[in-house]
Amino acid sequence: MMTDIEIAQQCTMQPITEVAQRAGLLPDELELYGKYKAKISGDAWQRLKDKPDGKLVLVTAINPTPAGEGKTTTTVGLGQAMAQMGQNAVIALREPSLGPVFGIKGGAAGGGYAQVVPMEDINLHFTGDMHAITAANNLLCAMLDNHLQQGNALGIDPRRVLFPRVLDMNDRALRNLTIGLGGKVNGVPREDHFMITVASEVMAILCLANDLADLKKRLGDILVAYTYAGEPVHARDLKADGAMTALLKDAIKPNLVQTLEGTPCLMHGGPFANIAHGCNSVQATKLALKLGDIAITEAGFGADLGAEKFLDIKCRAAGLNPSCVVLVATVRALKYNGGIPKTELNTPNVQALEKGIANLDAHVENLHKFGLPVVVAINAFPTDTDEEMEFIDAHCQKMGVRVARSEVFAKGGAGGKALAEQVLAVLDEGRADYHPLYVLEQPLEDKIRTIATRIYGAKEVNILPAAAKELANITAMGYGNLPICMAKTQYSLSDDAALLGRPTDFTITVRTARLSAGAGFVVCETGAIMTMPGLPKKPAAEAIDVDNNGKITGLF
């Protein structure tokens, strides 16, 4: 079989104007970025805002493994299958980050015959949203340090600057550094650090803002530092909110692309779910619900991260009511969770499957706690055996959940019809009764414990003194009613990446807490989570090249 990039490069893409027309968009509502990409202006929302919403389907997954689960591939393939079956389906995805593209994970445009195109553009610079977010974030940092240099009229304590610089690249050397060195003319020396752009509060704000006015208000709300007197300093105090909004005035508009089969896809925003809230933009999801009778979206990493944040943060903030959740798993990943090393995953092993399927059980049970029906999608690999598939089918039947084999990687939309039929059956049943996991009036520490015990399965939660002190400070400032955004390893239900399957009797350790006042949540870092990833020993970038005609190779 051809590689992902070879398949994408052989695709005959349709002009984006034609894709937009089929999706119900008008020519004047498009801002073209070449022939195959466009941004959608606010005029589309104004025209469609009173139209009844379609039904919202969330695609999530079990905890990811080195074997790969194919969540985005399943999302794209499900949308293609729905279209083949005559359904008016629109897909809403996140944008890729350059960090994993050049690191180890790869891009985020799907795979095989279930991809979003133009794949190379999407995985590289796309429409420039990531660069705009990086620039807006770092403008605020530059203005803050300039304020310190130019007399510090606000009395900012350089030891209590909270807002970090960002870069859309994996670069561990920038995790901790000292800036302002080289003499008085070069600024006030202080410690600083970088995060990856997808962890930036500006990214979260862009994804949660309803419109340009809301974006500007949220940017102004960013807590950047404290004064020597202990008073909070916000971005608006530095008069940075207007210029930041100007940098983001185009980035806030959803992007329109297409799948290999021409299904419309809104691709906008890209926060990671392990260190941020893991969902595409509210604007893109809401617009997809107006354009399609069925809107299919995804949330990052496993359901313990992306889905929990989608349901507790995004849906609550945006007033969304999902109708169904698709939970993606693979035979290989379940065996990995059963203790089988990656090198042996292609060997049939029902015993390992029996052990590892506990991870699937945990996620199904967790999603039911939000009042949502679940369809299990088994992303097919050639090494899967009939005996292994029959075991999963029987197990899901005992759990009372629908299950379907998904072959979209090899067959495109045609390989997703069995899954689409199960999803449509759930939508017809109308059994969804969505509700968040906790109420916002609970104290911050109680909300943390609710997530850790009810979703992760932790026996205890250890909130370290520094985190507890900051949670108390956040509450004293009037932000105690915000939801929690947990930063945790994606590889385990616990905060220890090595604990696979469904661990028990473990403790979640909360190391830090920080207020994201503009985004509207409190971020809590657990375990050894890093907000600036590093490159692996052999980065994917080593295999990426471009020939004299501009043809890219090795992107996957």
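Colleague: How are residues numbered, and what pLDDT do local features need?
Modeller: Residues are numbered from 1 along each chain as its sequence is written, and side-chain values use heavy atoms, with hydrogens and water left out. Because this is a predicted model, side-chain atom pairs count only at pLDDT 80 or more, totals for chains, interfaces and linings use all residues, and local features need a pLDDT of at least 70.

Colleague: Within what arc do the buried residues of H2 fall?
Modeller: Helices (H or I, at least four residues) and strands (E, at least two) are DSSP runs numbered from the N terminus, and in helix H2, residues 16-23, the buried residues (under 20% relative accessible area, with over 50% exposed and partly exposed in between, for a 1.4 Å probe and protein chains only) are Ile16, Val19, Ala20 and Ala23. Seen down the axis of H2, they line one face of the helix, because they fall within an arc (that of the directions from the helix axis to the C-beta atoms) of 100°.

Colleague: Which helix is included in what covers the buried residues of H2?
Modeller: The cover, judged by contact (heavy atoms within 4.5 Å), includes strands S1 (30-32), S2 (38-40), S14 (255-259) and S15 (264-267). It also includes helix H11 (282-291).

Colleague: What are the edge strands of the open sheet of 4 strands?
Modeller: In this sheet the strands, which pair if DSSP finds at least two bridges between them, follow the order S20-S22-S23-S21 with mixed pairing. Each edge strand pairs on one side only, and these are S20 (460-463) and S21 (484-487).

Colleague: Over how many bridges do S22 and S23 pair, and which residue stands opposite Cys524?
Modeller: Strand S22 (residues 507-516) and strand S23 (residues 521-526) pair in the antiparallel sense over 6 bridges. Opposite Cys524 in S23 stands Ala513.

Colleague: What angle does the direction of helix H18 make with that of S20?
Modeller: Helix H18 (residues 444-455) packs on the sheet and touches S20, S21, S22 and S23. With axes taken as lines fitted to C-alpha atoms, for helices over the stretch in contact, and angles running from 0 to 180 degrees between N-to-C directions, the direction of H18 makes with that of S20 an angle of about 140°.

Colleague: How many residues apart in sequence are the parts tied together by Lys290 and Asp53?
Modeller: The side chains of Lys290 and Asp53 meet in a salt bridge at 2.8 Å, N to O, a salt bridge being a side-chain nitrogen of Lys or Arg within 4 Å of a carboxyl oxygen of Asp or Glu. Lys290 counts as buried at 7% relative accessibility, whereas Asp53 counts as partly exposed at 48%. Lys290 lies in helix H11 and Asp53 in the loop between helix H3 (42-48) and strand S3 (55-61), so the pair ties together parts whose separation in residues is 237.

Colleague: In which helix do Glu445 and Arg449 both lie?
Modeller: Their side chains meet in a salt bridge at 3.4 Å, N to O, and Glu445 counts as partly exposed at 29% relative accessibility, as does Arg449 at 32%. The two are 4 residues apart, about one turn, and both lie in helix H18.

Colleague: How far apart are the axes of H18 and H19?
Modeller: Helix H19 (residues 465-479) packs with H18 at an angle of about 125°, which makes H18 oblique to H19, since angles under 35 degrees count as roughly parallel, over 145 as roughly antiparallel, 65 to 115 as roughly perpendicular and the rest as oblique. Among the contact residues are Leu444 and Ile448 of H18 and Leu471 and Tyr479 of H19. The axes of H18 and H19 are apart by 9 Å.
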